[in-house]
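Below are some exercises, each with a solution worked out step by step.

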Amino acid sequence: MNALALGLLALAAAAPSPAPTRASETIAIRGGTVLTVGPQGMITNGTVLIRDGRIAAVGTDVAVPAGARVIDASGRYVIPGIIDAHSHTAIEGGVNECTDAVTAEVRIADVLDPHDVNIYRQLAGGVTSANLLHGSCNPIGGQNAVIKMRWGKGPADLVFAGAPPGVKFALGENPKRSNFRVPGVTRYPATRMGVEVVLRDAFRRAQDYKREWAEYDGKVKAAGAKGERPLAPRKDLELDELRDILDGKVYVHAHCYRADEILMLIHLADEFGFKIRTFQHVLEGYKVASEIAKHGAGASTFADFWGYKLEAFDAIPYNAAIMAAHGVNVSLNSDDDERARRLYWEAAKAVKYGGVSETEALKMVTLNPAWQLGVDKRVGSIEAGKDADIAIFSAHPFDPATRVEMTLVDGVVYFDRARDDGKGTIASAGGRR
Amino acid sequence: MRARPILAALLLAVLASPRGYAARGEVYALVGGRVFPVSGPVIEKGTVVFRDGLIEAVGAGVAPPIGARVIDVKGMTVTPGLVDGFGGVGLPAPRSGSAGGGSPAPAASPLAPQALSLDRVRLSEALKARDNGITTALVIPREGVLPGQSVLLNLGGEKLEGMVLRQPAALHLHMATLARAYPGSLMGTVAYARQALYDAARYRDEWKAYEAAARGRKRPAYDPALQAWQEVLTGKELLIVTASRENDVRRALALADEFKVRVAVADAPQAARVVELIKTRKLPLLVGVNFDPPRAPALFGTPDDEKERRDIEEAERNPAELHKAGASFALVSAYAPDFLAGVRKAIERGLPAEAALRAITLAPAEVLGVADRLGSLEAGKIANVVVWSGEPLAKDTKAKMVFVDGALYEPDEKPKPSPSPGTPSPSPSPSPAAEDLR
């Protein structure tokens, strides 16, 4: 291709801008009981004013400007959009790059499927954001993608811009493949010892890589502007991520079950000087809650799902409550397209088992996962200045008969039960299925 | 009983040899047919003259030059030779478990951008495509993720070397996965391609630095896989991405943007969903007509027959939808066992026949950068010409004469395999061309 054509290609690349994902209209959600999960607590007969896709004001005496679209929420409950810290929704062509023990170079963001009807179904469950994770096949898996449930938009529009990057880790039975033997296929590691060695080896390589690049940067600096530029080291997309973990720029979301492996990873992270952002599943977290809290990691667990494999036997329904009582930031996740549609009931279980307060329980599916994904300044509670990611329920979200009536992301209505045509579409949005 | 076919074959061989391949300076004039130049309107009673493998004149009032072999093609149609711009013409079938007889095809490496299709093409297999009027084919193995570099062949002649139009034609990336090796997931495939392009760029810089000042420097290691990417990085060689899903089209564009390389997409059964993007980006399209390819068995649960049916229907409508939306595209076999049956299916689903003919002649030549030399009936272009028994692409229409580089091949005249004893041998059909020439 000649230079002109290349230039045209570059121009064309810049030309199409993604569809606007932020609402331009002003919306007032009026008359509902607002569970802000923020400093304003619960507001009865409150108004949530939305402008430019963000929450402009919340309270009982908020003036509704002329021309605003009014959504009547009287008799209903208005809560922040639910956030699922562990999801495998909307991923195309496999959630695991299983063929190698370390695959930090693969990116979920490369394989988003915006037509996955589960996006719509989860909107119907009040979910507005999810952490799409690589699977747990290998000790170090791929890069996760935090998305917003912008049903009907393109793959790039799903991405939650500004959410910190992260990498999936996995400990225990899955990465050592004890339950997934394929005849004729073996892959190191096959034991928990091996998992630790893989991690240690990977971070030693990352340290070397970091040093190599630091030396190069030093040479470039020393040579100055007119000096001969030395050849750059090989850019290794896998080690790039691991180095960025060492530098605290990339989160670690670590799949785990047993207390011993949780402690192992904490010790290893301390040794290499990085932090685990979340322990995922973490069914034995209640045994090492203080250690998790001390490390500063969050814990994202199931309310009452266990016993599906040996390492998931020693679980209790009080796990979330006990970890929270020890100062751990706890979230309740789905890891499943079906459970993702009723995460509010998973939160209700934290009240039943362990006596967590309603607000704290609601936090476990809103503000806490928002912190775990590094987006708590943007979403997770209904506060002025935050994104207008909101779910409107027919009754209190912990009521066994409650259901989601409407879900907004950035002030755009993506689910409206009154306009649902039963085929997974509403008039304003829509996907392919 | 058994003597007749052998005699017939011998006779055919004798007849065929003098004009089996264009003798130097040979001149043909096809007279009186309905001519579809593709680059211009249909000529009702046109003449097509070609000399020494190149088209000399096309028109209504063209007189056959003195000394030309004049062939009366009244009642027949004349089109440019068809181009299969992406498929497996001439490649051995992939190894199947227990095929008896013959040596198995050499296993192609699934991750070898340096592999050359040219090395795997079987001449006699490739030439069979001419029976359907296909005179030009881009050949790349179907298997693998980085199956190597394709060759663009003109399907006439006795030696592969003489058939090459462009070598390598393009470097290929199938958005596919491997069964038991990296990349085993789509995200792995994207990551593999991204890392390969980074590595290729560094390899370029490494050698550039060495060549600039070799003394006192350690020689970089030669790497055939990274070497293979070099012309893609310069933009000279096309990167063809096989896009079986809607979003693979976006993935191909993302690679083009990230590494400033020139991409085309192949197959693309869901391209019509992103037609505006394709038009805006002027993305070259090689749209497959392999509408019902074999599908991988479902890993979990039961196969979704309903979704499969919808996918097939969407793929069949895809060319018509792209045309309606004003996109420019070629139709390619994409390994369909019967290329023309696929093209006819696209026509059945609403693609105008005229657009279909362009999509298998001039359009692929444009995508592959050879429209200055073939793809239409115009003076100066390669004399790839097909004479059809009736309306081009109609169901019962047969290729009667196929000229490749100006050399005549007659599908009807090819020796039939000997029938098994006891079955009556069919009487050889008279060839109109042979009579005209006598």
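Pro183(B) sits in the loop between β9 and α4 (186-212) of chain B. Helices (H or I, at least four residues) and strands (E, at least two) are DSSP runs, numbered from the N terminus. Before you start: this is a predicted model, where local features need pLDDT of at least 70, side-chain atom pairs count only at pLDDT 80 or more, and totals for chains, interfaces and linings use all residues. Residues are numbered from 1 along each chain as its sequence is written, while chains are lettered from A and ligands numbered from 1 in the order in which they are written.

**Exercise 1. Cis peptide bonds**

Task: Find what kind of peptide bond leads from Tyr182(B) to Pro183(B), then look at the bond that joins Gln167(B) and Pro168(B).

Solution: 
- Step 1. The Tyr182(B) to Pro183(B) bond is cis, and its omega is near 0°.
- Step 2. Gln167(B) and Pro168(B) are also joined by a cis peptide bond, with omega about -10°.
- Step 3. Pro168(B) belongs to strand β9 (residues 164-174) of chain B.

**Exercise 2. Two helices in chain A**

Task: Describe how helix α4 (residues 192-223) of chain A and helix α6 (residues 259-272) of chain A cross.

Solution: 
- Step 1. The two axes come within 11 Å and cross at roughly 15°. Axes here are lines fitted to C-alpha atoms, for helices over the stretch in contact, and angles run from 0 to 180 degrees between N-to-C directions.
- Step 2. Angles under 35 degrees count as roughly parallel, over 145 as roughly antiparallel, 65 to 115 as roughly perpendicular and the rest as oblique. So α4(A) and α6(A) are roughly parallel to each other.
- Step 3. Who touches whom? Arg192(A), Glu196(A), Leu199(A), Arg200(A) and Phe203(A) from α4(A) meet Glu261(A), Met264(A), Leu268(A) and Phe272(A) from α6(A). Contact means that the C-beta atoms of two residues, placed from the backbone, lie within 7 Å.
- Step 4. Sorted by class, this contact of α4(A) with α6(A) has five nonpolar, no polar and four charged residues. Ala, Val, Leu, Ile, Met, Phe, Trp, Tyr, Cys and Pro count as nonpolar, Asp, Glu, Lys and Arg as charged, and the others, Gly among them, as polar.

**Exercise 3. A covered strand**

Task: Find which strands β15 (residues 390-393) of chain A is joined to, and which of its residues are buried.

Solution: 
- Step 1. Strand β5 (residues 77-80) of chain A is joined to β15(A) by four bridges and runs antiparallel to it. Two strands pair if DSSP finds at least two bridges between them. Val78(A) has Ile392(A) as its bridge partner in β15(A).
- Step 2. Strand β16 (residues 404-409) of chain A is also joined to β15(A) by four bridges, again antiparallel. There, Met406(A) is the bridge partner of Ile392(A).

**Exercise 4. The open sheet of chain B**

Task: Give the strand order of the open sheet of eight strands in chain B, and say which strands stand at its edges.

Solution: 
- Step 1. The order is β6-β7-β8-β9-β10-β11-β12-β13 (chain B), with mixed pairing.
- Step 2. β6 (82-87) and β13 (330-332) of chain B each have a single partner strand, so they stand at the edges with one side left without a neighbour in the sheet.
- Step 3. β6(B) pairs with strand β7 (residues 134-139) of chain B in the parallel sense, over four bridges. Within that pair, Leu82(B) stands opposite Ile134(B).

Notes:
A residue is buried if 20 or more other C-beta atoms lie within 10 Å of its own, exposed if 12 or fewer, and partly exposed in between; C-beta atoms are placed from the backbone.
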